[in-house]
Amino acid sequence: EFAKEKLTTLMLEYPKPSGIILGYGTAGFRTRADILPWIMIRIGLLASLRSKVKKACIGAMITASHNPEHDNGVKLIDPYGEMLDQSWEVYANNLSSLDDNIHVLWDYLETLMTQLNVQLNDKSTVAIAYDTRQSSPLLSNIVKNAAEILNTNIMNFELMTTPQLHYTVRCYNDNELYGSCTEAGYFDKICTAFRKLIEARRYNLCMTSGAKPAEQLAIDAANGIGAQKLVYLNQRLSDLLTIEIFNDGTKGHLNEKCGADYVKLYQKAPDGLPLTNYPKYCSIDGDADRLIYYFIDENQRFHMLDGDRFSVLFASFISNKLKEAKLMDQVKMGVIQTAYANGSSTNYIVNTMNVPVACVPTGVKHLHHKALDYDIGIYFEANGHGTVLFSDNLKSKVKAAIEDQNRTDEERLAASQLRVFIDIINETVGDALADLLATEAILCLMNLSIEGWLHLYNDLPQRQLKVAIKDRTMIQTTDAERRCIAPAHLQDCIDELVSKYSSGRSFVRPSGTEDIVRVYAEATTQVDADKLADDIRKIVEELTK
Ligand code: NG1
Ligand code: ZN
């Protein structure tokens with residue numbers, strides 16, 4: 001009853017605005033920060049219940065990623081550092097939709113606790129962290145207060161990137177087998193691995209061509225949390241990597257005309273980062289889980305390297321090492337893409353690298369889930385969010401290879417490079433800082449320049465369109481969203497149009513985040529890709545009138 005009283009007080013302090021409907025989507029709960037406080041109560045309660053059920057620490061990250069400063073949001077993190085299991089999204093949605101009435105809410109909690117077979121005083125732990133938004137401390141405090149009502153022990157990590165919190169939750173729950181459960185532990189793990197991997201390589205290069213200067217990088221930190229965290233990388237790795245940080249939050253606004261999302265969308269440099277004489281540039285997003293590279297060639301042309309490029313780079317490096325270590329035929333490796341991946345990247349991975357590609361519906365959760373089917377599952381969304389998952393089987397094979405005295409030095413070296421590389425990767429979720437170090441390590445070990453990386457294959461010209469129709473649920477898809485099953489005849493029409501273009505490919509799907517339908521088309525020339533997309537748009541409009 002005491003708990004119920006406390007909850008009443010909290011609800012009175014942060015009432016639910018009337019008429020508001022908020023669903024737990026791919027980004028958790030996300031909307032304008034000023035209408036978020038009430039949902040933080042409900043998510044705090046849910047995090048606590050989840051923790052009681054799993055008998056493990058659950059994470060709650062307060063961020064709205066690449067969205068503007070005035071937005072915010074919250075996402076829960078499951079025990080192994082992965083996103084909240086889909087089966088719990090329904091509880092999140094139920095809690096969100098309940099009226100702002102203590103008795104209604106309390107009844108629901110009691111029903112849920114009975115159903116989940118947990119008690120109010122069962123132990124629970126929730127780890128909280130937030131990004132640099134002004135609204136974040138208040139919102140995180142509400143999550144804390146709500147969770148404490150259900151007897152929850154709170155660990156507040158305050159300012160962290162999203163991937164850092166995922167990592168921390170994982171470490172806490174597996175008794176620090178994955179790494180030590182602090183920010184220092186996080187940096188230690190990735191920086192030590194990076195150093196190990198490239199120091200030996202640089203030593204060899206020095207012997208042949210003299211001392212090599214530190215690799216230079218200019219990074220747009222989107223005026224977000226990444227800026228202060230990049231400082232650690234600078235401090236620890238300055239002899240190997242010189243990072244100049246731009247958009248560090250001292251002048252510009254969070255994600256405003258900057259950040260990975262802006263660069264990807266407009267295919268141009270962000271404000272606040274002059275393209276001067278750096279060999280390479282990067283943008284991360286507001287919570288540092290996305291990464292994009294770009295550079296200017298000698299003809300002053302802008303080139304961007306996005307998620308597909310990371311998949312190709314990571315897959316080539318890993319498959320080279322597997323071949324060198326003679327482990328290739330003992331493990332199952334795959335790249336996971338969505339239909340938005342450029343056809344050239346898929347072609348290169350499958351036909352040049354001989355690595356299988358799986359295609360899944362849009363959304364990180366689908367990519368991550370599929371990646372678990374492999375010993376090495378590499379996934380990236382085109383927007384620059386992605387990572388690599390390594391199975392226990394792979395890890396023990398690699399360890400055995402390193403220790404196997406019957407193997408050649410070359411085989412054992414490749415295996416140990418692979419083992420160290422695994423430590424750079426944040427296996428819980430896409431991580432801009434970890435992916436940055438992984439990319440730099442690979443470029444160094446493969447002796448590839450950014451131009452060399454770009455020229456591994458040439459993208460097919462592509463076009464994406466947004467089409468507003470009266471009801472986007474009229475469009476239904478199958479086969480990882482690559483084919484339409486409704487409205488009738490739409491797919492036949494698409495097939496017919498596509499067949500007229502060389503290397504033509506197109507698909508149509510309703511967006512999960514906006515009230516529109518997305519049309520994607522690619523072909524051998526930009527003119528053709530544009531024309532194909534436009535033809536498809538007309539058909540979509542015609543058949544959904
Ligand atoms: P929708 O709106 O469902 O296409 C978009 C992005 C996804 C993903 C989600 C979540 C495209 C084509 N789609 O999904 O990649 O990032 O938002 O943020 O860019
Ligand atoms: Zn993000």
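What follows is a chat about a predicted model of one chain and its ligand.

Colleague: Hi! Before I dig in, what are the ipTM and pTM of the model?

Modeller: Hello! This is a predicted model, and it scores ipTM 0.97 and pTM 0.95.

Colleague: Thanks. And what pLDDT does the chain average?

Modeller: The average pLDDT is 95, and 98% of the residues score at least 70. Where pLDDT is low, predicted coordinates should not be read in detail.

Colleague: Good to know. How is the chain divided into domains?

Modeller: Domain 1 covers 2-159, domain 2 covers 184-305, domain 3 covers 307-429 and domain 4 covers 462-543.

Colleague: On to the ligand, then. Which residues surround ligand 1?

Modeller: The shell around ligand 1 consists of T26, A27, Y340, T362, E381, N383, S511, G512, T513, E514 and R518. By type, that shell has two nonpolar, six polar and three charged residues.

Colleague: Which domains give at least three residues each to that shell?

Modeller: Domain 3 (307-429) and domain 4 (462-543) each supply at least three residues to the shell around ligand 1.

Colleague: How far apart are the centres of domain 3 and domain 4?

Modeller: Over C-alpha atoms, the centres of domain 3 and domain 4 are 31 Å apart. Their contact takes nine residues from domain 3 and 10 residues from domain 4. On the side of domain 3 that touches domain 4, there are five nonpolar, four polar and no charged residues.

Colleague: Back to the site. What does UniProt list as "binding site" along with A382 and T513?

Modeller: The unreviewed UniProt entry lists E381, A382, N383, R509, P510, S511, G512, T513 and R518 under "binding site".

Colleague: Let's take A382 from that list. Is A382 buried or exposed?

Modeller: A382 counts as buried because it has 23 C-beta neighbours inside 10 Å, and 20 or more are needed for that label. A382 sits in the loop between β13 (376-380) and β14 (386-390). Beyond its neighbours within four places in sequence, A382 is in contact with D306, G307, D308, Y340 and A341.

Colleague: And T513, buried or exposed?

Modeller: T513 counts as exposed, since it has 11 C-beta neighbours inside 10 Å and the label applies at 12 or fewer. Its place is in the loop between β18 (505-510) and β19 (517-522). Not counting residues up to four places away in sequence, T513 touches G25 and T26.

Colleague: Nice. Changing topic: which residue does the "active site" annotation cover?

Modeller: In the unreviewed UniProt entry, the "active site" annotation covers S65. The record also has S65 under "binding site", in a listing with D285, D287 and D289. Those four span 225 residues in sequence, yet no two of their C-alpha atoms are more than 8.1 Å apart, so they gather at one spot.

Colleague: Where is S65, and what is it in contact with?

Modeller: S65 is in the loop between β2 (57-62) and β3 (71-77). Leaving aside neighbours within four places in sequence, S65 is in contact with A27, D285, G286 and D287. S65 is buried because 27 other C-beta atoms lie within 10 Å.

Colleague: What about D289, where is that one?

Modeller: D289 lies in the loop between β8 (281-284) and β9 (291-296). D289 is buried too, with 31 other C-beta atoms within 10 Å. Setting aside neighbours within four places in sequence, D289 has contacts that include T161, T162, P163 and H385. V429, G430, D431 and A432 are also among the contacts of D289.

Colleague: One last thing, I402. Which helix does I402 lie in?

Modeller: I402 lies in helix α13 (residues 392-403). I402 counts as partly exposed because it has 18 C-beta neighbours inside 10 Å. Apart from residues up to four places away in sequence, I402 touches R412, A415, S416 and R419.

Colleague: And how far is I402 from Q86 in space?

Modeller: From C-alpha to C-alpha, I402 and Q86 are 38 Å apart, and they are 316 residues apart in sequence.

Terms used: Residues numbered from 1 in each chain as written. Chains lettered and ligands numbered in written order. Predicted model: local features only at pLDDT ≥ 70, side-chain atom pairs only at ≥ 80, totals over all residues. Near = placed C-beta within 6 Å. Nonpolar A, V, L, I, M, F, W, Y, C, P; charged D, E, K, R; others polar. Domains from an automatic or database assignment. UniProt positions renumbered as here; feature names shortened; annotations may be inferred. Helix = DSSP H or I, 4+ residues; strand = E, 2+ residues; numbered from the N terminus. Contact = placed C-beta atoms within 7 Å. pLDDT = per-residue confidence, 0-100.
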